[in-house]
Amino acid sequence: MTDATPAATADQLVTRTEFEKAAIWLPRMALEHLRQGLVFIENKTFTDCTLEGPAVVLMGDGVTMDGCHMGAVSDPAMLLLRPVGKTVNGVIGFKNCKFIRCRFAQVGFVGDDRFIEEFQQNLANGRPAKDAQ
């Protein structure tokens, strides 16, 4: 991941489906989607991108992660949050998105027990998160 460039204009953050080598500030991307009445960021592919927080993201149905760097922490469990109730609010939700060789900075992840188990398993096996949903 080199030569990261600003992702796009406000409208392009919503309408584009492919991002490559882009620096994306997740709060801005989420806000632009909300301004257009979209609760989730959906149907996008991010390749060699840097996705920056501060943010907590919910990786929903159809999300895959391949070869991603999840953040600089001594214990990957520090990146994970479990919801207390049946739903979560105040997170940035993704559905049907692909993250390929992306780098996440200052990002926490929330999900159900299956997501958290897969996330931890992939990191424990020395692999970046892959096919986490």
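**Ground rules.** I kept in mind that the model is predicted, that local features need pLDDT of at least 70 and side-chain atom pairs pLDDT 80 or more, while totals for chains, interfaces and linings use all residues. I numbered residues from 1 along each chain as its sequence is written, and I took side-chain values from heavy atoms, leaving out hydrogens and water.

**Overall make-up.** I looked up the secondary structure and found three helices and 11 strands, where helices are DSSP runs of H or I with at least four residues and strands are runs of E with at least two, numbered from the N terminus. Along the sequence I read the pattern β-α-β-β-α-β-β-β-β-β-β-β-β-α. Of the 133 residues, 40% count as buried, meaning under 20% relative accessible area with a 1.4 Å probe and protein chains only. I also noted that, among contacts (heavy atoms within 4.5 Å) between residues at least 6 apart in sequence, 78% join residues at least 24 apart.

Four strands form an open sheet with parallel pairing, in the order 2-5-10-7; I count two strands as paired if DSSP finds at least two bridges between them. Strand 2 (18–20) and strand 7 (64–66) are the edge strands, each pairing on one side only. I followed strand 2 to strand 5 (residues 45–47), to which three bridges join it in parallel, and there I found F46 as the bridge partner of F19.

**Aromatic pairs.** I found six aromatic pairs in the structure, taking rings of Phe, Tyr and Trp (its six-membered ring) as paired if their centres lie within 6.5 Å, with planes under 30 degrees apart called stacked, over 60 edge-to-face and the rest tilted. F19 and F46 are a stacked pair, 5.3 Å centre to centre with 10° between the planes, and this pair links strand 2 with strand 5 across 27 residues. Both F19 and F46 are buried. I then noted one aromatic cluster formed by F19, F46, F94, F99, F104 and F109.

**A charge over a ring.** Finally I looked up K95, which lies over the face of F40 at 4.2 Å from the ring centre; the criterion is NZ of Lys or CZ of Arg within 6 Å of the ring centre and within 35 degrees of the ring normal.

Technical notes
Buried < 20%, exposed > 50% of the residue type's maximum accessible area, 1.4 Å probe, protein only.
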